[in-house]
Amino acid sequence: MSEEPQTVFRFTAEGVDLEFAGSEAFVEKQVQRFRQFLEGAAGLASTESAPAEAKPERPTLDAFAAAHPVRQGRGSIQDRILLYTFFLQKVQGKAEVRGDDIHWCFQQLGLERPKNLHNALGILKRKLGYLQEGSARGRYQLSPKGETYVQGQFLGT
């Protein structure tokens, strides 16, 4: 019996996180059910009275990761975590990230998930000071030091 691959849909906007996981048919049905909300939150809702403004396209995770390669070897997992946290916060507008968000990035890029993500997050927070605690346990944000590191290391600023 072959198992159907799992499809995952994630959406974050203005404090609302939606995630659907399951068969492609199931996820498609959920997306259709929430379509009006998703279009409105993404700024795609049609308005007859005002012309639509062109919004700049946000890069996908694939494009962002390709444009900002991470070195291989020692420290690369931590650099990837910081880069993905930057992407989720600064590009996608997510206020805080969780371990599941970081795992999702690795999964989307076809990379092996970190074996001990919790330990890596702890080092980035307590030892290096690149992450800071979010509003609840298990939620993180880039610290100003972490943002400076990512910008200097990967963005050339």
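The model is predicted, and local features were taken at pLDDT of at least 70, side-chain atom pairs at pLDDT 80 or more, whereas totals for chains, interfaces and linings use all residues. Residues are numbered from 1 along each chain as its sequence is written, and side-chain values use heavy atoms, with hydrogens and water left out.

The secondary structure of the protein chain comprises seven helices and five strands, where helices (H or I, at least four residues) and strands (E, at least two) are DSSP runs numbered from the N terminus. Along the sequence these elements follow the pattern β-β-α-α-α-α-β-α-α-β-β-α. Of the 157 residues in the protein chain, 34% are buried, a term that denotes under 20% relative accessible area, with exposed being over 50% and partly exposed in between (1.4 Å probe, protein chains only). Among the contacts with a separation of 6 or more, 44% are between residues 24 or more positions apart, contact meaning heavy atoms within 4.5 Å.

Helix α4 packs against several other helices, and these arrangements are taken in turn. Two packed helices are described by the angle between their axes and the distance between the axes; here the axes are lines fitted to C-alpha atoms, for helices over the stretch in contact, and angles run from 0 to 180 degrees between N-to-C directions. Helix α4 (residues 76–91) and helix α5 (residues 99–108) pack at about 105 degrees with their axes 10 Å apart, and are therefore roughly perpendicular to each other, given that 65 to 115 degrees counts as roughly perpendicular, under 35 as roughly parallel, over 145 as roughly antiparallel and the rest as oblique. On the α4 side this contact is made by I77, R80, I81, Y84, T85 and L88, and on the α5 side by D101, I102, W104, C105 and F106. By class, these residues divide into eight nonpolar, one polar and two charged, with Ala, Val, Leu, Ile, Met, Phe, Trp, Tyr, Cys and Pro counted as nonpolar, Asp, Glu, Lys and Arg as charged, and the others, Gly among them, as polar.

With helix α6 (residues 117–127), α4 packs at an angle of about 75 degrees, the axes again lying 10 Å apart, and α4 and α6 are therefore roughly perpendicular. Here Q78, I81 and L82 of α4 meet L117, A120, L121, I123 and L124 of α6, a contact with seven nonpolar, one polar and no charged residues. The buried residues of α6 are L117, A120, L121, G122 and L124, and they pack against α4, α5, β4 (131–133) and β5 (139–142). Just after α6, G129 takes a positive phi of about 75 degrees.

The axes of α4 and helix α7 (residues 144–155) come within 10 Å and cross at roughly 105 degrees. The contact involves D79, L82, L83, F86 and K90 of α4, together with E147, Y149, V150, Q151, F154 and L155 of α7, and by class has seven nonpolar, one polar and three charged residues.

A search of the whole structure finds five aromatic pairs, defined for rings of Phe, Tyr and Trp (its six-membered ring) with centres within 6.5 Å, where planes under 30 degrees apart count as stacked, over 60 as edge-to-face and the rest as tilted. The rings of Y84 and F106 have centres 5.2 Å apart and planes at 80 degrees, so this pair is edge-to-face. It links Y84 in helix α4 to F106 in helix α5, 22 residues apart. Y84 is buried at 1% relative accessibility, and F106 is likewise buried at 1%. Y149 and F154 form an edge-to-face pair, with 6.5 Å centre to centre and 85 degrees between the planes, and both Y149 and F154 are buried. Ring pairs also link F64, F86 and F87 into a cluster.

Two further buried residues have polar side-chain atoms close to backbone atoms. In helix α5, D101 is buried with a relative accessible area of 2%, and a polar atom of the D101 side chain lies 2.7 Å from the backbone nitrogen of R98. Leaving aside neighbours within four places in sequence, D101 is in contact with R10, L88, K94 and E96. H68, in the loop between α3 (61–67) and α4, is buried at 16% relative accessible area, and a polar atom of the H68 side chain lies 3.1 Å from the backbone oxygen of F154.

Conventions: A polar contact is a pair of N or O atoms within 3.5 Å; within protein, one must be able to donate a hydrogen and the other to accept it, and residues adjacent in sequence count only if both atoms are side-chain atoms.
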